[in-house]
Each structure stands twice: as C-alpha cells, then as structure tokens.
Amino acid sequence: MQTLSGMDFLIAVDHLAVAVFAVSGALVASRKQMDIFGFVLLGTVTGVGGGTIRDLLLGDGAVNWVQQPSYVAVCITAAAVTYFAAHLFQSRYRLILWLDALGLSLFCILGAEKALAVGAHPLVAVIMGIVTGTFGGIIRDVLGGEVSLILRKEIYVTAALAGALVFVGLSLAGAGGLLAFGSGFLCCFAVRALAIRFGWSLPAYRAREGRDVS
Amino acid sequence: MQTLSGMDFLIAVDHLAVAVFAVSGALVASRKQMDIFGFVLLGTVTGVGGGTIRDLLLGDGAVNWVQQPSYVAVCITAAAVTYFAAHLFQSRYRLILWLDALGLSLFCILGAEKALAVGAHPLVAVIMGIVTGTFGGIIRDVLGGEVSLILRKEIYVTAALAGALVFVGLSLAGAGGLLAFGSGFLCCFAVRALAIRFGWSLPAYRAREGRDVS
Amino acid sequence: MQTLSGMDFLIAVDHLAVAVFAVSGALVASRKQMDIFGFVLLGTVTGVGGGTIRDLLLGDGAVNWVQQPSYVAVCITAAAVTYFAAHLFQSRYRLILWLDALGLSLFCILGAEKALAVGAHPLVAVIMGIVTGTFGGIIRDVLGGEVSLILRKEIYVTAALAGALVFVGLSLAGAGGLLAFGSGFLCCFAVRALAIRFGWSLPAYRAREGRDVS
C-alpha cells in the first residue's frame, strides 16, 4: 500500500521521535544527577519504551529496535549528547516541552499506523497510538522516581487520543496517507500546544465539593 | 474440549471480571482527582493488565483485547460510568472491596484455565492464575502512585494462590470444568472474604523481635 | 554449536543466577516485613524478571520459565528458605552484595549469549545482557517501593555493560565459548567488586556547579 519513499519517510520520522523522547529521558537523568550510563539507560528506555510495548502487544514479529538497532543507536547518541549539553537544554525548559509535544504527536500517529498496517481493529489502533505516544514517558517517570505523567493535571493523553482518532478516522475514510498523517499530527500537536501555552487542563474529578464538568 | 456454551460462559465471565477491575482502577483515579481520560486510562490498564501480561508470557498468539476489542470497550465504559458515578461508589468502599474480591476470584481461575488450555505445566498454570488476578492491581498501584498491593498486610495474593491451586488440582484430577471452576472460585472468594471480614493477615516477617510464625 | 555439556553448564549457571536474585528479592520483602507469600512473589519476580523481559523482547518462542518451570521452582524455594533464614542473611549484608554481584555477572553474559544465539545484532546482544542483568532488580525496587537501582550512585549498570561488551567482542572475534564467558564474567564481577570494595561511582551530572567529568 505504501511506496518505498513512504516507508522511508515513516522510518525517518520514527527515528526523529525516538531521539526527541530519548532527550526527554536523559533530562530526567540530569535532574536526578545520574552518571552518563544512567543518562543512556533512561534515555533509551524512554525513546524506545512506547514502541516496544506497542510491538509486544501487537505480537507481529519482533520489537522494532531488536530488528533494527539504529533506533537504539539514536537513543544512545541523543542521551550522550544530552549529558554533555544538558546545561544548554536546561535553561531552555520550554524548548523541551515543545520537543516532547513533537515526539508525542509523531508517535501517536506512528503507533496507530502500525496497528492499522497489521490489521488491528480501529479502536485498538487508537489505543496503540496512545500507548506508543505516552508509555515511554510513563516508564521514564516510574524508573526516574518522578510523579507519573498520567497523574499530572495537564492535557497530554488527551492530545494523543485526539491525534490518533483523527488519523484512524481519516485513514478508514480512505484519505491518502499523507493527509491522514498530517491532519492527525497537527491535531495532536495543536491540542498539546494550546495546553502548554495556556496551561489548559480538563476538569478533574472532585469528591464531595460538587462537580465541575462543563 | 469445551462446548460452545462453555466458551461463551468463560468469555462472559472474563468481561465481568475486566469490568470490575476497571472500576477499581477508575476509583484510584478518583482518589487522585484525575480527569475523565485519566479514569479511562487507569481503568483500562487495570482491567486488561493482568490478562495482557498472562498472554504475553504464554506467547500463544496475540493479547486477548488486541484480538477482541470488546474487552477494552468494557473498560472504557466502566471507567467513564465511574467518573460520573464515583460519588455513589465512594460512599460504598466496602462494596468495592467485595467487587475486587469477585474480580480476583474470577481472574485467578480464568488465568489458570487459559494456561492449561495451551498446555502449560501445572505450576505455570497456578502462577498464571496469580499473575492474571493480581498484576492488573499491581500496575494500577504503580501508575497511580499508591502503596503497592503486594506491600499491604492483607491476604490477597494468597487467596489467588488458593483458588488457582484448587482449580488446577481438580482439573488435573479429571473433574468437570464447571466443578473445577466453581470450587476454585469459591475457594479464592472465601479466603478473601474471610480476610476482608475479619481483617486477616498472614504473619509478617519481623527482624530482631523474634518470629511469629504459627 | 554447543555441546550438550556446554548447554548443561549454561542451564546450571542460569539456575544459580536466578536463585541468587530470588534471594535478593526476598530480602527486600524481609525489609518490608511481608508475609511468606510476599517473599515468594517478590523473590520470583526478581529472579526471573530480567530473563522474562529479555525473552519477550527477543520474541524467540516462549519465556524461559514458562517452558521450563524449574526456574520458578528454584525461585520459590530460595525465597521460602530466605523467609526462615533471613535473620542469618541480614547480619551479612555484604554477603548479599557479593551474591548480587555474582548474579549480575552471570546474567549479563547469559543474556548476551542468548541474544547472539538467536542471531541478534551485537549492539542488541550487549543491551540484552544489561537488560537481563539489571531489570530483575529494577522490577524488585519498583514493586518493593525502594529507591530504584538505576538512581543509586553506584557502578552497577556499567559493570553489566563492561561484561557484556567483553563477552560479545570476544565471541565475535571467534574466541571459544568458555574463554568469552569467563572473560566477560570476570570483567563484570571485577568492576562491580571494585565498586563495592572502594565505593566507586562515576561522576554524576551536576547542574550549575560546574562539571566533574574526568
């Protein structure tokens, strides 16, 4: 269904997303004052974690980085560069937030795309988009002893949901790969960007104090 | 080996157990004041977590909810209902404890049954019963930042062990599926029920103060 | 490629490493004053955790202990013995450190060896060595509520890296199995031993206070 250049494009984007998440993992390592191998370990787990869980769940052959070690090489490189350059990144915390938003937007589409490619149900494809986008960060936070991503009062999972929904919907409606990819990506990135820019969050559940569901 | 109605029964019971655990995950989300997507995420992970790990470990085809998305649909529905109805549940904490006991009792038998069905060793089948029954809750507690289930001073894992042992033992002894299922279920539920009702716990390890193993 | 006695040797060593890690998991259970089933659960997860994740990632047939339940039987036995004998072990904390170093050294070689045996890329083989050696302990710490291994300021992951690198390098260079195994093992054990003996750690990343990378 896809042309060779389409595959090449997806693989290049996948490496970019992996690198971005590896940097976010390495930055948690810098907050925890780990050594360089801690940077590499946490960066690599964050970079390939979401895709690994997706591939295990789909059960379609081996995990991507086991087949194609370039993913891991990208993580190691990105984490090591971060170790020596983290002082630059740290003064640019918002840059990291935006890189993370970029990685999330790429991964939620890539995860849903892979699930559709192996014939999964559309609901499963949306879930795989969310899993791919968020589980690297969830593992990063659990291992790094940070408050888990999913406990934070931010629109994050929701952005991945929106992007994956749009991508899967357009794909099933017969839209071309690039249109579906671009629309899903922009939708996720826009939701996340607005959340970052304006500090958006969804109404949280509040017990006993009345409800605040708009 | 099983009649169609036997399979239907198992699948119906499996959906019931998944829904019960999804509610327990959503209730942790309510304690953490998450938004509705947090409820759905934590509820879904809790509902399908134990079965997912069982299926990955057994390596027998894909994970159940990837094949049959109705499991996930049940989780999403149960978690969303809990979001809007949690104030009812919360005033009924003991109801939740009993629902959780019900889910544990169902899952420990269903996990052991699936392992036996793919030809696993009886010891492995017992472990798969425990894994299926308890790992959803373990993941829920790790992600939700709660004190892990296995650290609590309650008879919980032990109940799953008892139920799975009885089920596997009777199955190997040639008892009919319904007898083995019913006996294992009742055994697990009874142990857990007595633990809830009377606050039972096993003697904990105590260093330096002498031992209290009866 | 391997003689029967070579396989037997690997399997025996694998069981030894599993038992050593199971004891380390059970000792965390003793620090948390769990009951005997908590000892067995945490001991078993720690003992087989690293190898389980390796086998899932490699995707080469089922997980080792599902195929061969003797691994789990060893964990259960080791954890149960620890429950009744932990007061002996606790007064010998350094003995535990050394046993753990032994398990780490064995597992990092065994993990890399299995990856090479199924035709994985050398980089992947090194990673599988690290994963096998360290993830049992990482799971132990997450479930047991301890500060994660990878957050501690010790040379630990680095030792596994060194051992796996030496083993994979020598194996690819055509060295005999025993030479590669012995060299990798000694390298990992020596690095870890020096770290324990002299309290070695790598320079940690320090923000704002200048860098301390020698």
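Modeller: Helices (H or I, at least four residues) and strands (E, at least two) are DSSP runs, numbered from the N terminus. The model is predicted: local features need pLDDT of at least 70 and side-chain atom pairs count only at pLDDT 80 or more, while totals for chains, interfaces and linings use all residues. Residues are numbered from 1 along each chain as its sequence is written, and chains are lettered from A and ligands numbered from 1 in the order in which they are written.

The helix I take is α8 of chain B, which covers residues 177-198. The expected span of a helix is 1.5 Å times one less than its number of residues. After α8(B) comes Gly199(B), and the phi of Gly199(B) is positive, near 60 degrees.

Next, the surroundings of this helix. A residue is buried if 20 or more other C-beta atoms lie within 10 Å of its own, exposed if 12 or fewer, and partly exposed in between, with C-beta atoms placed from the backbone. The buried residues of α8(B) include three phenylalanines, Phe181(B), Phe185(B) and Phe189(B). Cys187(B) and Cys188(B) are also buried, as are Ala180(B), Gly184(B), Val191(B) and Arg192(B). An α-helix has 3.6 residues a turn, so residues three or four places apart point the same way.

One more residue of chain B gives a sense of distance. Phe37(B) is part of helix α2 of chain B, and 22 other C-beta atoms within 10 Å make Phe37(B) buried. From Phe37(B) to Ile196(B) there are 159 residues along the chain, and 31 Å separate their C-alpha atoms.

Two residues are in contact if their C-beta atoms, placed from the backbone, lie within 7 Å. By that rule, 24 residues of chain B touch 25 residues of chain C. On the side of chain B that touches chain C, two or more residues come from each of α2 (36-58), α6 (122-144) and α7 (157-172) of chain B. Helix α6(B) gives the largest share, five residues. For the classes, Ala, Val, Leu, Ile, Met, Phe, Trp, Tyr, Cys and Pro count as nonpolar, Asp, Glu, Lys and Arg as charged, and the others, Gly among them, as polar. That side of chain B then has 18 nonpolar, five polar and one charged residues.

The contact between chains A and C takes 25 residues from chain A and 24 residues from chain C. On the chain A side, the elements giving two or more residues are α2 (36-58), α4 (70-90) and α6 (122-144) of chain A. By class, this side has 16 nonpolar, seven polar and two charged residues.

Chain A itself has eight helices and zero strands. Of its 214 residues, 55% count as buried. One of its residues, Phe135(A), is found in helix α6 of chain A and is buried, with 23 other C-beta atoms within 10 Å. Beyond four places in sequence, Phe135(A) touches Gly49(A), Gly50(A) and Ile53(A). The C-alpha atoms of Phe135(A) and Ile53(A) are 7.7 Å apart, although 82 residues separate the two along the chain.

Last, the confidence. Chain A has a mean pLDDT of 84, with 86% of its residues at 70 or more. Over residues 208-214 of chain A, pLDDT stays under 50, and the model has five contacts beyond four places in sequence for them. Where pLDDT is low, the predicted coordinates should not be read in detail. The scores of the model are ipTM 0.81 and pTM 0.86.

Technical notes:
pLDDT = per-residue confidence, 0-100.
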